[in-house]
Amino acid sequence: SFSFSQVQIESIQLDTLGKKVVSDIIIDGNKTTKARIILRESTIEIGDSLFWGNLKAGMIQTQRNVMNLELFNFVEVEPIQISNSEIIILITVQERWYIYPVPILEIAQTNFNTWWETKEIRWLNYGASLKHFNFRGRNEKLALTARFGYTKQFSGAYTIPNLNKKQTLGLYLSAGYYENDQIVYNTQGNERTFYRNDEDKARKFYQYKVGLNYRENIFLSHYFEVSYLNVSVNDSVVSLQPDYFVTQEDRMQFLRATYVINYDLRDYKRYPLKGVFLYGLLRQDGLGIVNRDGLGVFTSTLGYNHHYQIRDRLYLAYSLRGSVNWTNPPYFLTRALGYSHFVRGYELNVIDGTSYGLFKTNIKYEILEPKSIELPLIPTDKFSRTFIALYGNLFFDVGYVDGPSFREGNSLVNEYIYSVGAGLDIVTYYDKVMRIEGSVNAEGRAAVFVHFKQAF
């Protein structure tokens, strides 16, 4: 690593007239992270000759890119003028703590609010995960997980984002074993129906993944993955839900091929206020190699998020997302709204089908801009220096799920659902977000919900 304090630079007062040549880029504060990992994110290169407007825009974008590595709590990019025509770009970072055991205490539900209705201990997962978020200082990620409770899991994953010198190729490897005493086998009354077996496991499965990432440029990336799944369930599950797998057997194994493309111009990925995010997914479940039961489900997903500033402290954002299963999937592979994606106001519902569309909007006001805070009695600045920001927002969501086989007994299938509401978002360091939202949905139900990630 390199420290700015190791050199002495005589600077002159910065002027914004004429072009400036970037004679060097210096990084300070990277005790662990390799300099090339940070330089990869810079839109400014040594030797560039830029007018002030372009230089300023490049520094702002570089700061955003480095921050989106999720390796630092704070990032500053500033120019140091050393002559009338030359400047040095100084990138100052404050590194996070990268390696530690992470205790697991989580809710095995679609969201916090579903669990809060019953508050049952059996829905909790507990355990520990040993994680290294910046292995070898190269932004490599290593995770070993032992999870118990509702879901028992033993898994390992390793991400290498920079296989080659140009840092355009990355590799992902993972392997895991999972088992559950209780699983979902049907959807009725717009809610999940569960099967539980205390004497034997309701479901067991193994999953192995190999993925290759190609980062075409700073904003555009492609990801291709092949995974193997071997799933078995208690034979009572097949009796209750004959369509759980493709055939009425208690086991299914298959290969999955997935392609994802991301075009990401957001300012801060964990809580964006400006920028565009366009993404697409193509997935084939069943490649006809290891499965002999005729599984062949093709899924396509497309999404578009747009965040922009209306005026000082006021922001508008909207999100469009659609997904289609082009062949009818077994219940095990059926997911629509109510899981990772949902219409706000319907947090307690699951709406399953073969395809869906979702439109979400937000008008956001910055109550408290990101404010740096020094926490007392904490010896390391990796945790003692933090920030907090508050945003009030109004929202409107609408969604639709097409699912003829789920229409009976599920009133929200093949119906437009929508909601309006208001909320408060709390954002702080280590990418933590908390949302408290009150909403009224199309059925006239009013409620307050809590979430721990951005809305979209």
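How many bridges pair β7 with strand β8 (residues 151-160), and in which sense do the two strands run? They pair in the antiparallel sense, over seven bridges. Keep in mind that this is a predicted model.

- Strand β6 (residues 124-135) pairs with strand β7 (residues 140-149) in the antiparallel sense, and nine bridges link them.
- If you want a landmark in this pairing, look at Leu130, whose bridge partner in β7 is Leu144.
- Four residues sit between β6 and β7 in their hairpin, and Arg136 in the turn has a positive phi of about 60°.
- On to the next hairpin: β7 is joined to β8 through one residue.

**An open sheet of four strands**

- Four strands make up an open sheet with mixed pairing, in the order β2-β1-β4-β3.
- At the edges are β2 (49-50) and β3, each of which pairs on one side only.
- Strand β1 (residues 20-28) and β2 run antiparallel and are joined by two bridges.
- In that pairing, Val21 stands opposite Ser49 in β2.

- Ser323 belongs to strand β17 (residues 314-325).
- Is Ser323 buried or exposed? Its relative accessible area is 10%, so Ser323 counts as buried, the cut-off being under 20%.
- The side chain of Ser323 makes a polar contact with the side chain of Thr301, at 3.0 Å.
- Setting aside neighbours within four places in sequence, Ser323 is in contact with Thr299, Ser300 and Thr301, and also with Thr354, Ser355 and Tyr356.

**The second largest pocket**

- This pocket holds about 820 Å³ of space.
- Its lining has 27 residues, and those nearest the centre are Gln63, Asp267, Tyr268, Leu273 and Pro370.
- Two or more lining residues come from each of α2 (52-67), β3 (72-81), β18 (355-374) and β19 (385-402).
- The largest share of the lining, five residues, belongs to β18.
- By type, the pocket lining divides into 13 nonpolar, four polar and 10 charged residues.

**Cavities**

- How many cavities of 30 Å³ or more does the structure hold? There are two.
- The largest cavity has a volume of about 100 Å³.
- Around the largest cavity are 14 lining residues, with Tyr271, Lys364, Gln454, Ala455 and Phe456 nearest its centre.
- β18 and β21 (432-441) each supply at least two residues of that lining.
- The lining of the largest cavity is made up of five nonpolar, four polar and five charged residues.
- The second largest cavity contains about 40 Å³ of space.
- Lining the second largest cavity are Pro272, Leu273, His307, Tyr315, Leu316, Ala317, Asn362 and Lys364.
- Both β17 and β18 give two or more residues to the lining of the second largest cavity, and β17 gives the most, with three residues.
- Five nonpolar residues, two polar residues and one charged residue form the lining of the second largest cavity.

**Links between the topics**

- Lys364 is named for the largest cavity and also lines the second largest cavity.
- Leu273 lies among the residues nearest the centre of the second largest pocket, and Leu273 is also a lining residue of the second largest cavity.
- β17, the strand that holds Ser323, contributes to the lining of the second largest cavity as well.

Technical notes
Residues are numbered from 1 along each chain as its sequence is written. This is a predicted model: local features need pLDDT of at least 70, side-chain atom pairs count only at pLDDT 80 or more; totals for chains, interfaces and linings use all residues. Side-chain values use heavy atoms; hydrogens and water are left out. Buried means under 20% relative accessible area, exposed over 50%, partly exposed in between (1.4 Å probe, protein chains only). A polar contact is a pair of N or O atoms within 3.5 Å; within protein, one must be able to donate a hydrogen and the other to accept it, and residues adjacent in sequence count only if both atoms are side-chain atoms. Contact means heavy atoms within 4.5 Å. Two strands pair if DSSP finds at least two bridges between them. On a 1 Å grid over the protein atoms alone, a cavity is a set of points where a 1.4 Å probe fits but cannot get out, and a pocket is an open set with protein on both sides within 12 Å along at least five of seven lines; lining residues have an atom within 4 Å of a point. Grid points are joined across faces, edges and corners, and a volume is the space filled by probe spheres set on the points. Ala, Val, Leu, Ile, Met, Phe, Trp, Tyr, Cys and Pro count as nonpolar, Asp, Glu, Lys and Arg as charged, and the others, Gly among them, as polar.
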